[in-house]
Amino acid sequence: MILADGSVNGVELGVVIFFFLVVSVGGFLAAKWRRGPNLHSLDEWGLGGRGFGTVVTWFLLGGDLYTAYTFVAVPAAMFATGAVSGFFAVPYTIVAYPIIFIFMPRMWSVAHRNGYVTVADFVRGRYDSRGLALAVAVTGILATMPYIALQLVGIQAVLDTMGLGGSGNWFVRDLPLIIAFAVLAAYTYSSGLRAPALIAFVKDLLIYIVIIVAIIYVGAKIGFGDMFTAAKTKMTTPTPTGAATGTFITNDSSYWAYGTLAFGSALALFMYPHAMTAVLSSRSRAVIRRNAAILPAYSLMLALLALLGFAAIANKTSVFGQDGTANAQLAVPHLFQQLFPSWFAGVCFAAIGIGALVPAAIMSIAAANLFTRNIYREFIKRDASPKHEAQVGKIVSLIVKFGALVFALGLDRQNAINFQLLGGVWILQTILSIVAGLYTRWFHRWALLIGWAVGMVYGTVVAYQQQVPNAKVKLVNGEPVTTVDGMRHFGSSLAKFPFTDQKVYIAVTALLLNIIVATVLTIVLRAIKAPAGVDATAADQYHSDAPDERVLVTARRETAGAEPDSPASGGR
Amino acid sequence: MTTNPTPAGSGEGGAPSTRPLPAATKVAVGVLLAIPLVALALVPTYSHETPALWGFPFFYWYQLLWVILTPLFTWSAYLVIARARRGGR
């Protein structure tokens, strides 16, 4: 039974602290791993010297894209409302890879040839537009902040389950989170991207062990048939308002929602600065293509984790937290606590916790890269030396993490989750400048900027308009009692597609509008011969398909002393 | 060694290594990558409970199946590109 009396589980806490110490030591030692002469440039600090091979990139991207939030929130969504809000993550993380297989190698080539650290660098060079680059950079930073905060929400769920989230003094309650984050900030500062790259190994090992054990347990103890039956019963049971609780299997009214959530999120995924950072830190195009082929192994894990949300339904897991309020994010941590002995539950919680720290580190580095390259150097100090840039980047990474901490501690959890959905709406609006730019320079820079602005405003306004009842379920004398306190905005990432009754992901509607505006304006601007700027990239820089010798030689020179490691050519 | 042995034919000029892929290769790669996208985009085709497999409704096991199949398609696409590149030697 779940304890709601605020007592701390010592065994679980001990195991979690042990793993936390291991990765912290690793994080600080990472500064010495495959390092170049110094960390005094953004290439070294923010991209790990651009020398990561297939295996490191795999762990880095895996650590980056499959976050604690995914491991907590996706099953939580499955637990609460079923397939449309939760299981869409499975097709989403499958279709993402064929898509990146196509365009990411081009991005890698052009970025490597021109020394681009961020996508905004590319947009700046391709379109000769500081404004458009600024728009891309600001969007990236904006969308990343709540994402980092959400990692903290994942850690909070684990701490709460272990008995550390009880009421009382807020400082004592949040102290574990603050300590964990301060240590993370310290080693990110000193080691840069190498720290999360190294810790990602530990994280993935733990996560794989946890998920394999959990699925075997669920299969044996609950049975998959019973699990789905319980989920179906819950999802098809009407709520007091008469609507179905959730979706067990998509139907006429949710096909488009499911499909657009999956494809919209897949397109957005690699627009996030942290995903781009991991890609640009890889050694060659072949590394990216191989990773596109092998990364879906994580999606299998994600799918199995998602199903744990259903397992929690079948297992009648209570989701009431230390404060007595129902919180679906607690479904999986509580399920682990129910199913497993304390020591293994501790391993599970360590996995979730470390799974939050790795992406939080990469995201803060990515946001720092964007700020330093595309705002600081572009608009504040144009003659910044590489050393100065790296220093600014380090400090900004601290500020970003501090901001996320304030975000996570200060805002209502439900709000943070909705801002993340909004993050997806925002980041998708940069795709036209970035991906279309990889193939054609047909779009006019001003048209792209206005299209972006229209998409941003439309998406934000429509998301704001999605009101849902602000309901809270509290445990009063052992009975759940629902209280509704008005309506709240940003209640859903789905809205009716204009002139239809079909609900679709707002990000996709906004992107369509963005594309229409950019296309029409491009035709107009080209007709009146508006200045298109000078393209700083050359056609042959986009498709150097073999590992490029000149680039490799330069990269090797920069990371002198790195482990000799030949880039594979061909299908090995 | 610090760099890969230069592939035969891609001399210091580097021309072969920066050459775009042949059209046939591009088409093959495009088809291989499009198959999983189409299979998952057609949501109504897999929104069924039956046939169930080991207790998993069709909707769920079909998508799990594509988690396993998609890497095979992407890996094949990778091999096709790698072969085309070797053919250029």
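Reply: We may begin with a residue and its contacts. A:Phe443 touches A:Leu432, A:Ala436, A:Leu448, A:Ala518 and A:Thr522, leaving aside residues up to four places away in sequence; two residues are in contact if their C-beta atoms, placed from the backbone, lie within 7 Å. The model is a predicted one, in which local features need pLDDT of at least 70 and side-chain atom pairs count only at pLDDT 80 or more, while totals for chains, interfaces and linings use all residues. Residues are numbered from 1 along each chain as its sequence is written, and chains are lettered from A and ligands numbered from 1 in the order in which they are written.

Me: Is A:Phe443 buried or exposed, and where is A:Phe443 found?

Reply: A residue is buried if 20 or more other C-beta atoms lie within 10 Å of its own, exposed if 12 or fewer, and partly exposed in between, with C-beta atoms placed from the backbone. A:Phe443 counts as buried because it has 22 C-beta neighbours inside 10 Å. It is found in the loop between α20 (431–439) and α21 (445–465) of chain A; helices (H or I, at least four residues) and strands (E, at least two) are DSSP runs, numbered from the N terminus. A:Ile179 is 264 residues from A:Phe443 in sequence and 48 Å from it in space, C-alpha to C-alpha.

Me: How is the length of a helix judged?

Reply: The expected span of a helix is 1.5 Å times one less than its number of residues. Helix α4 of chain A (residues 68–81) has 14 residues and reaches 20 Å from its first C-alpha to its last, close to the expected 20 Å. Of those 14 residues, 13 are buried. A:Gly82, with a positive phi near 85 degrees, follows α4(A). Helix α12 of chain A (residues 255–269) has 15 residues and reaches 21 Å, close to the 21 Å expected. Since 13 of its 15 residues are buried, α12(A) is largely enclosed by the rest of the structure.

Me: How do α4(A) and α15(A) pack?

Reply: Two packed helices are described by the angle between their axes and the distance between the axes. Axes are lines fitted to C-alpha atoms, for helices over the stretch in contact, and angles run from 0 to 180 degrees between N-to-C directions. Here α4(A) and α15(A) (residues 296–314) pack at about 45 degrees, with axes 7 Å apart. They are therefore oblique to each other, as angles under 35 degrees count as roughly parallel, over 145 as roughly antiparallel, 65 to 115 as roughly perpendicular and the rest as oblique. Residues in the contact include A:Phe71 and A:Val74 of α4(A) and A:Leu305 and A:Phe310 of α15(A).
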